[in-house]
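This report describes parts of one protein chain for a reader who is new to structures. Please look at the sequence and the structure first, then read on.

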Amino acid sequence: MATTTARPFLKWAGGKAQLLDAFTARVPQELTEGTLPVFVEPFMGGGAVYFHFNSTFAFRECHLFDINEDLVLAYTVVKNDVSSLIEYLREVEDEFLSKDEPGRRDYYYAVRDAFNREKKEIGPTGYGEGGIERAGRFIFLNRTCFNGLYRVNSRGGFNVPFGRYRTPKILHEEVLLADSLAFRNTTIHLGDFTQAEPYISKDSFVYFDPPYRPLNRTSSFTQYSKNRFSDEEQRRLATFYARCDTKGARLMLSNSDPKNIDPEDGFFDDLYGGYRIDRVPARRAINCDGTKRGEVHEIIVMNYESA
């Protein structure tokens with residue numbers, strides 16, 4: 001029987017599955033030699049890069065950070081209580097799929113309302129039984145909402161509409177079990193990217209996947225939390241990147257390439273001017289205009305020569 005490989009259990013805007021080959025081709029020599037035992041990801045997001053790298057290379061320990069409390073809670077529950085989560089999701093999936101479309105729509109909005117009401121009651125650590133239900137609701141909403149988006153309003157309320165999928169797969173039991181095993185060498189942290197600094201040293205390989213700088217005014221998916229990731233935040237990240245460089249860590253960062261829209265826009269070339277910048281092709285996965293889902297370039301910034 002084939003073994004399921006650990007991979008993201010959530011749909012996630014900006015997921016990096018399509019770029020894994022490009023990233024793997026550019027890892028530092030020390031990683032292939034097994035002399036970088038610590039993996040750090042200050043923006044864990046959907047986790048495609050983490051799951052790939054953690055299954056490909058022999059890390060002693062991994063540290064994942066994010067400011068999204070519900071994402072951190074879901075990861076923590078998958079790590080610590082995956083059996084209870086699977087049981088909850090199985091019941092939800094059976095109930096949801098037994099309904100007609102109007103019934104599914106009503107069910108979705110009832111779950112979304114409950115999810116938003118309880119937001120302040122359950123934290124990502126020490127969550128108890130209520131946290132298992134909340135993580136399950138988070139996964140359910142992710143699998144059944146429009147385009148798998150995560151978007152919140154100014155009050156932090158999840159506000160993505162119903163997705164109208166014919167037969168959505170809510171429970172991916174084999175994936176959740178594989179991911180729970182993958183988390184055994186991993187610590188999951190709630191926090192801003194700068195809080196990863198204590199875990200970054202010459203023994204670390206660090207992958208940065210910040211909210212992408214929007215290519216135009218209509219393409220922003222940075223409303224990932226109630227605080228947008230502005231150009232000023234991008235500059236703060238570049239300062240942190242340089243600080244991590246001085247520690248001797250090997251660093252890789254990806255972002256959108258503003259030159260897709262304006263060949264004269266050197267925003268990232270200026271921010272990371274002292275480092276290697278590669279441009280690689282990628283397909284835009286989420287855009288309300290179907291004619292704008294073509295190939296674009298993204299940047300990979302490294303402080304080393306690849307293997």
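## Strands, helices and loop residues

In strand S5, Arg250 is the bridge partner of Phe205. The model is a predicted one.

S4 and S5 are part of an open sheet of seven strands with mixed pairing. The order of the strands is S3-S2-S1-S4-S5-S7-S6. Strand S3 (186-190) and strand S6 (276-283) each have a single partner strand and stand at the edges, so one side of each has no neighbour in the sheet. On average, neighbouring strands of this sheet are turned by 20 degrees against each other, with direction ignored.

Strand S1 (residues 38-41) pairs with strand S2 (residues 61-66) in the parallel sense, over four bridges. Here Glu41 has Leu64 in S2 as its bridge partner. Are the residues on the two faces of S1 buried or exposed? Val38 and Val40 lie on one side, Phe39 and Glu41 lie on the other, and all of them are buried. Both faces of S1 are therefore covered.

**Two packed helices**

Two packed helices are described by the angle between their axes and the distance between the axes. For helix H5 (residues 82-97) and helix H8 (residues 173-182), the angle is about 165 degrees and the axes are 10 Å apart. This makes H5 roughly antiparallel to H8, because an angle over 145 degrees counts as such. The crossing of H5 and H8 is right-handed.

Which residues meet in this contact? From H5 they are Val82, Ile86, Leu89 and Arg90, and from H8 they are Glu173, Leu176, Leu177 and Ser180. By type, the residues of the contact divide into five nonpolar, one polar and two charged. An α-helix has 3.6 residues a turn, so residues three or four places apart point the same way.

H8 also has a set of buried residues: Val175, Leu176, Ala178, Asp179, Ser180 and Ala182. The buried residues of H8 pack against helix H3 (48-56), helix H4 (69-80), H5 and S3.

Asn142 has its place in helix H7 (residues 128-144). With 4% relative accessibility, Asn142 counts as buried, because the cut-off for buried is under 20%. Leaving aside residues up to four places away in sequence, Asn142 touches Leu10, Lys11, Trp12 and Gly148.

The loop between H7 and H8 contains Asn147 and also Arg164. Asn147 is not a glycine, yet it has a positive phi of about 60 degrees. Arg164, likewise not a glycine, has a positive phi of about 60 degrees.

| Residue | Relative accessibility | Class |
|---|---|---|
| Asn142 | 4% | buried |
| Asn147 | 30% | partly exposed |
| Arg164 | 56% | exposed |

Why does Arg164 count as exposed? Its relative accessibility is 56%, and the class begins over 50%. Asn147, at 30%, counts as partly exposed.

Notes. Residues are numbered from 1 along each chain as its sequence is written. This is a predicted model: local features need pLDDT of at least 70, side-chain atom pairs count only at pLDDT 80 or more; totals for chains, interfaces and linings use all residues. Side-chain values use heavy atoms; hydrogens and water are left out. Two strands pair if DSSP finds at least two bridges between them. Axes are lines fitted to C-alpha atoms, for helices over the stretch in contact, and angles run from 0 to 180 degrees between N-to-C directions. Buried means under 20% relative accessible area, exposed over 50%, partly exposed in between (1.4 Å probe, protein chains only). Contact means heavy atoms within 4.5 Å. Angles under 35 degrees count as roughly parallel, over 145 as roughly antiparallel, 65 to 115 as roughly perpendicular and the rest as oblique. A crossing is left-handed if the near helix is turned anticlockwise from the far one by less than a right angle, and right-handed if clockwise. Ala, Val, Leu, Ile, Met, Phe, Trp, Tyr, Cys and Pro count as nonpolar, Asp, Glu, Lys and Arg as charged, and the others, Gly among them, as polar.
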